[in-house]
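Subject: Structure handover and findings

Hello,

Here is the structure for your files.

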Number of protein chains: 2
Amino acid sequence: MTASAEEREARAALSRLTEPGRRNLAQAVAQHGAVLVLEEIRSESDVLGNRSDLADRLRGLDARAELDRAAEQGIRFVIPGDDEWPSAVDGLNDCGQVDGSGGAPLGLWARGPLRLDEVAIQAVAVVGSRSATTYGTTVAGDLSARMAHEGWTVVSGGAFGIDQAAHRGALAEGRTAVVLACGVDRAYPIAHQRLLGFVAEHGVIVSELPPGCTVTRGRFLTRNRVIAALSSGTVVIEAALRSGAINTASWTNELGRPLMAVPGPVTSAASAGAHQLIRNRGAVLVTRGEEVLELLAPMGSRTLDEPRGAESPRDWLDPIEKRVLDALPVRRPAGLASLASTAGLARPRVRRSLAVLEEAGFAEASEDGWRLGPLGRST
Amino acid sequence: MTASAEEREARAALSRLTEPGRRNLAQAVAQHGAVLVLEEIRSESDVLGNRSDLADRLRGLDARAELDRAAEQGIRFVIPGDDEWPSAVDGLNDCGQVDGSGGAPLGLWARGPLRLDEVAIQAVAVVGSRSATTYGTTVAGDLSARMAHEGWTVVSGGAFGIDQAAHRGALAEGRTAVVLACGVDRAYPIAHQRLLGFVAEHGVIVSELPPGCTVTRGRFLTRNRVIAALSSGTVVIEAALRSGAINTASWTNELGRPLMAVPGPVTSAASAGAHQLIRNRGAVLVTRGEEVLELLAPMGSRTLDEPRGAESPRDWLDPIEKRVLDALPVRRPAGLASLASTAGLARPRVRRSLAVLEEAGFAEASEDGWRLGPLGRST
């Protein structure tokens, strides 16, 4: 199924004329269709100069030509009604509201072979600080590689630090999607030109902004809601207390999706935001990909064994032997009577157990009695 | 108030004859008194050899002489009914049950000037791995110093690693209590002889075990319940998945006291236990002393401001200026018309705001228009 050409052109025009994240515009478009909304703008007269000159700018705009030019560059504009529009997950259709912004995107400009509807079925956002530490980038890379290996698309913002590590880790094992705060034809940051080129070949680059647009602070913030909305959940790794990653976390909470955070040293300011999310914003502490899968995978499809300490030699002993082992002093040897009393067992039983324990290295015999042997001390 | 000499002697005798943590013994003593329970033991005939030879051992025991000898060494035996018994906190009178052990201590042998009832009013347990990392011992020392500075007694087990760091940090700023798994006259581990000597002079050393007793594995585990019960809450810093600190955490949960854990790098096995406690055992993630105080201090006596990112120069701007700032491109300059459209503001307003932003270094003017200035890029 494909949306009508008229609706696509109208949405493309609106996408060029307005900033992303205007909630009332999104609602008007959802209710009346982009064609009608555009008609209204065209007839609008701007008397007081207090509103933007939309009608004027609209006159100089040829949306059809723009869509054609984009297509020549391998860029498509995906809108509701298209097969590729991720309708299976409803987040994109109502992103909620953070700091006054929100609303469904008018459409998503996309470059790369990966389809957006396929991305949205199994996607996880991995986001964090641009000024990440080696610890953060290592964890982000490993976790993302693991998620990609399990068939999940890793969604992030293409920035330095955690984003970069997440995309790289995912590319090594599977699929990734970059959501930009500028046009998908641009390389931002410029240092990531090769990374973005690679994603355009093997994954997908996505943006609400039409080709040619540059980044602004506001666009970073509304971009974050697309990262959150395309993903089944968000993992924050290293984030300052005020940061884009915390903003993405807010969108995730607003969308009612699982929010996760990876802890780090409490002495590292880079992890302060992640700790704050766990303490005060309901984020689940995760330490590895398996724990993310446990939270995101459909109910029952994957359950996680709680990690246990390595099996200890102590586990081989029977209950009586364990009691005797527990009664053995660490340093000064104890006699049979004392051990029997401490263990609350008859002396013959204690003597039999001691033979087993000594044989196995749990107990050490001397003239004065018994004490813990080398194996006993190590467990 | 002081308990009767008879009851104290009977409890001292039982403390010598039996291992700590026998729940049914504790219940019998609480119900009938130690004198009566001792009478029963004295008359008990051990026919099958299946039980310990308590009656025999009791015959060779002179509890009064033992209490006198202890007193000569500066050791007192504090029991329920004494002013010093921490009755204000009821944990010591019913420790619950972990792995089959539990029950109130028969009494606590104590050495040092700090009174147990005073300890228990404001005490926090700080426990963790013996094979701690530098990260762990640094955090334990800082956090304990902070708690001690605020008038809290830091309770721990006197072991290597986290325990040692906690006691040292607390001693530097205030009070600390060591709970041992052997007699309070012994130095365990021997390397901590000086530390323990210092605590005996300025804090208090506590044990359920009478003077002279050595440590056993079982005694470590029951000792942990005394650490938990003397404290208003427990902070775990670095703990392996199977460890004494996890055991102390279980006692804390069993007692219904707040359990806290300090996170660390997920790449460090030393922090695996702490992360597990946060994920699965209801431990609250804490990163510093203030957050521990927030949880333990009596309701309303202390509220904690959420840490915020440092105030940014952006906070000085008015809402219109912020909108214009948000519209500024990072790299390629934009003209007035484009900025006005992006910001959704009239051109005269944008021009006025740009003047302010340029003056402050937020915006940078060029022939082609405006873009973010150095201050704008840094915030």
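Conventions first. This is a predicted model, in which local features need pLDDT of at least 70 and side-chain atom pairs count only at pLDDT 80 or more, while totals for chains, interfaces and linings use all residues. Residues are numbered from 1 along each chain as its sequence is written, chains are lettered from A and ligands numbered from 1 in the order in which they are written, and side-chain values use heavy atoms, with hydrogens and water left out.

Salt bridges

The structure holds 36 salt bridges over all chains. The criterion is a side-chain nitrogen of Lys or Arg within 4 Å of a carboxyl oxygen of Asp or Glu.

One of them joins B:Arg279 and A:Glu291, with the closest N and O atoms 3.5 Å apart. This pair crosses between chains: B:Arg279 sits in helix H12 (residues 272-280) of chain B, and A:Glu291 in helix H13 (residues 289-296) of chain A. Helices (H or I, at least four residues) and strands (E, at least two) are DSSP runs, numbered from the N terminus. A:Glu291 is buried, at a relative accessible area of 3%. Buried means under 20% relative accessible area, exposed over 50%, and partly exposed in between (1.4 Å probe, protein chains only).

B:Arg225 pairs with B:Glu208 at 2.6 Å between the closest N and O atoms. B:Arg225 is in helix H10 (residues 217-230) of chain B, and B:Glu208 is in the loop between strand S8 (204-207) and H10, 17 residues apart. B:Arg225 counts as buried at 0% relative accessibility. B:Glu208 counts as buried too, at 10%.

Shared partners join several salt bridges into one network: A:Arg146, A:Glu150, A:Arg288, A:Glu290, A:Glu291, A:Glu294 and B:Arg279.

B:Glu118 and B:Arg175 also meet in a salt bridge (3.9 Å, N to O). B:Glu118 lies in helix H6 (residues 116-121) of chain B and B:Arg175 in the loop between helix H8 (162-173) and strand S7 (176-179), so the pair ties together parts that are 57 residues apart in sequence. B:Glu118 is partly exposed, at 36%. B:Arg175 is partly exposed, at 29%.

Buried sites in chain A

Is A:His167 buried or exposed? A:His167 is buried, with a relative accessible area of 0%. Its place is in helix H8 (residues 162-173) of chain A. Beyond four places in sequence, A:His167 touches residues including A:Val154, A:Ser156, A:Thr176 and A:Leu195. Contact means heavy atoms within 4.5 Å.

A:Thr222 is in helix H10 (residues 217-230) of chain A. A:Thr222 counts as buried at 4% relative accessibility. Leaving aside neighbours within four places, A:Thr222 contacts A:Pro20, A:Gly21, A:Ser101 and A:Glu208.

Helix H11 (residues 244-254) of chain A has eight of its eleven residues buried, so it is largely enclosed by the rest of the structure. Among the buried ones are A:Ile246 and A:Trp251. Just after H11(A), A:Gly256 takes a positive phi of about 70°.

Surface patch

A:Arg22, B:Arg323, B:Arg349 and B:Arg352 gather in a patch of positive charge on the surface. Patch residues have over 30% relative accessible area and no salt bridge; like charges are joined within 9 Å, nonpolar side chains (Val, Leu, Ile, Met, Phe, Trp, Tyr) within 5 Å. B:Arg323 is in helix H14 (residues 319-327) of chain B. B:Arg323 is partly exposed, at 40%.

Best regards

Terms used. Accessible areas come from the Shrake-Rupley method with a 1.4 Å probe; for residues, only the protein chains shown count as cover. Lys and Arg count as positive and Asp and Glu as negative; His and the chain ends are not counted. The place of a charge is taken as NZ of Lys, CZ of Arg, CG of Asp or CD of Glu.
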